[in-house]
Amino acid sequence: DRPKEPVFMPKGDNVVFSIPESFLPDKYKGLGLLVMPRFGNEAKEEIGIREISVPPLGDILDLKRDENFSLFIPKHRRIAAKLTSIFLGVRNVDDLLATAAYARDRVNPYLFNYALSVAILHRQDTNDLDIPSIIRTFPDKYVDSKVFGRAREDANVIPDGYRQPIEIPKDYTASDLEEEHRLFYFREDIGLNLHHWHWHLVYPFEGDKSVVDKNRRGELFYYMHQQVIARYNFERLCNGMQRVERFVDWDSEIKEAYFPKLDSLVSSRAWPARVKNQKLQNLKRDADGINVDVDDLKRWRDRIFDAIHSGRVQNQDGTFTALTENGGIDVLGNMVEASILSPNRELYGDLHNMGHVLLSYIHDPDHRHLESFGVIGDSATAMRDPIFYRWHAFIDDLFQEYKSALPRYPVAQLNNPGVTVKNIEIKTQGSNQSNLLQTFWQQSDVDLSRGMDFQPRGSVFVRFTHLQHRPFTYTVQVQSDGAREGTCRIFLAPKFDERGNPWLFRDQRLMFIELDKFQVNLKQGQNTITRNSGDSSVTIPFERTYRDLSTSRPQSGEALAKFNFCGCGWPDNLLIPKGNAAGFACQLFVMISNMADDKVNQNIAGQCSDALSYCGIKDKLYPDRRSMGYPFDRMPRDGVETLQQFLTPNMRVQDVNLLFENKTYKPKSAP
Ligand code: CUO
């Protein structure tokens, strides 16, 4: 809480840390003895910090407290890995607390928050500890900077309990003159950006191998971001736009601009804008230790294409490893991102990460204006900028190039003999019409006060507007010739392309967004499977996205514990794309695959596993043996041109209408 206030000031619900005088930063030494007791009197609970000898922080302190921090910048990654290692290495929770208390007022607040969060996520003895959502600590990364002026005013003048929520207009970053602005509700969705931040927190690409080396993390990097692009394209079609154009010509001007309207409370600077028609330029920023050319990016890209086309990668020691049918995508994911698991960072470089960096410094490539990076340089804010999607569409295309070279799934790898899907139906709450999905605007309130330093205590709520859908239920009728286990896989895609023509399967397969995946136990004969949209394996509930910021706090211990992986998950409010006011034609796809080829034998009891599709399960194997994206991750077998031709009896498709109601519901009044 309150990242810039000294550690001895009360935090959270009036907890105060009593720290040894020797831990104080120099400017409070001596003075500390005078000010600490004063704040101690305000607090309800006092936590004593042990005086231990903390390892030297060294170059971790090179990043000043009022600078911005980005994991994409190699120097920042290195010091983040160092600080994380320090937090991971201390013997017990008491020492971790002491080390954190010592570091907190010395280290850059963003860096401190990141390293401590990763350590808490990965230490055994902090397994059950709740890491606060980043929007609580750094609300400035998520909401219009105008809010903070008003919030300060309110907090100083109006007593706690009488303050009204400050309303953020739903589209504050641009006007309708900008076509790309139609997608503001997706790009700037707070829950979406929180998901992305949390995903990268759970899957760091640098640091101790024990932290980075997770089951199928390279493949999950590919799949989670592939789904982001599929979902973004879906939204674009709903808005009468074309699919996003891959950013492939790196010498061309970038026509889309982005003006974030965010100010950093930590650095007291505005996040730089990206004006239109800029070109990538070579970076030479000595202060950041960055010296990278556009040509470096091109060489890495070409070598990666070579590896894809030759079906093997060259390791650091000169040997070669084949990109195998199932494991190849994992190697490639680590190589493209790139993580420390890349087989050869010298040769294949750091393509995806450095793309973020080059784009984020496009306004000041040689640091002559002493400007920091733009929003695409931070995983907490990157998804706001349209260029994020153009860059990731290029990255995804690399993976698709590899996937399209893989053997096609023969019928035997798709069908589930004896199992036939007979019917699918969607029922939306409050509607009598079958196979209708409905979306609308909803307002919600969050409390930002815990991220606002040196303000009077008490809550400061802001009210923001986001997309939402009515809850719905799937009912699937399945005929089985015996008792069988299977995996029910549910996807949705637009029925027509941007010109209104029916799709070729080879293109439509990339438009399918995963809605749910769960196990079913079939009995012999007729089976009726029902499933609620709120149980989706893709999403986490709204309350968990916002955690203790929401007015409706999750109160049970069960819900509060195990937040760690649980904070990762697609926001429930964006499960269903927006559709449009006339009704947008979609196809719902349901498949019951054969469990014999899906099953991963492990016990996941007690683990948070309800957003497993994009996030995996903490400390466990990815709970589905199939390639991620199955059955749409490969080109179709010979002779299959349409979705209908692709279907085997255990699959079925249902037309669904996606209707948007252009009405805004106040908090608690949602239908
Ligand atoms: Cu998630 Cu480019 O990887 O942002």
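Strands are DSSP runs of at least two residues, numbered from the N terminus. In the predicted model described here, strand E20 spans residues 651-665 and contains Gln 654. Gln 654 has a relative accessibility of 19% and therefore counts as buried, since the cut-off for burial is under 20%. When residues up to four places away in sequence are left aside, Gln 654 is in contact with Ile 424, Asn 435, Cys 586, Gln 587 and Leu 588.

Confidence in the prediction was considered next. The mean pLDDT of the protein is 92, and 96% of its residues reach 70 or more. Residues 550-564, however, have a pLDDT below 50, although this stretch makes 29 contacts in the model beyond near neighbours in sequence. Where pLDDT is low, the predicted coordinates should not be read in detail.

Helix H11 comprises 17 residues, 294-310. The buried residues of the helix are Val 294, Asp 296, Leu 297, Lys 298, Trp 300, Arg 301, Ile 304, Ala 307 and Ile 308. In an α-helix, residues three or four places apart point the same way, because there are 3.6 residues a turn. The cover over the buried residues of H11 includes strands E7 (290-292) and E8 (312-314), together with helices H12 (328-337), H13 (345-348), H14 (351-360) and H15 (386-403). Gly 311 follows H11 and has a positive phi, near 75°.

Aromatic side chains were examined as well. The structure holds 41 aromatic pairs. One of them joins Phe 69 and Tyr 114 in a tilted arrangement, with 6.1 Å from centre to centre and 45° between the planes. Phe 69 belongs to the loop between strand E2 (45-48) and helix H2 (74-89), whereas Tyr 114 belongs to helix H4 (residues 109-122), so the pair ties together parts that are 45 residues apart in sequence. Both partners are buried: Phe 69 has a relative accessibility of 6%, and Tyr 114 has a relative accessible area of 10%.

A single aromatic cluster is formed by Phe 186, Trp 199, Tyr 203, Phe 221, Tyr 222, Tyr 223, Tyr 232, Phe 388, Tyr 389, Phe 399, Trp 570 and Tyr 614.

Charged groups also lie over aromatic rings. The charged end of Arg 106 is placed over the ring of Tyr 102, at 3.9 Å from the ring centre. Lys 578 lies over the face of Phe 660, 4.6 Å from the centre of that ring.

Methods:
Residues are numbered from 1 along each chain as its sequence is written. This is a predicted model: local features need pLDDT of at least 70, side-chain atom pairs count only at pLDDT 80 or more; totals for chains, interfaces and linings use all residues. Side-chain values use heavy atoms; hydrogens and water are left out. Rings of Phe, Tyr and Trp (its six-membered ring) pair if their centres lie within 6.5 Å; planes under 30 degrees apart count as stacked, over 60 as edge-to-face and the rest as tilted. Helices (H or I, at least four residues) and strands (E, at least two) are DSSP runs, numbered from the N terminus. Buried means under 20% relative accessible area, exposed over 50%, partly exposed in between (1.4 Å probe, protein chains only). A charge sits over a ring if NZ of Lys or CZ of Arg is within 6 Å of the ring centre and within 35 degrees of the ring normal. The expected span of a helix is 1.5 Å times one less than its number of residues. Contact means heavy atoms within 4.5 Å. pLDDT is the predictor's confidence in each residue, from 0 to 100.
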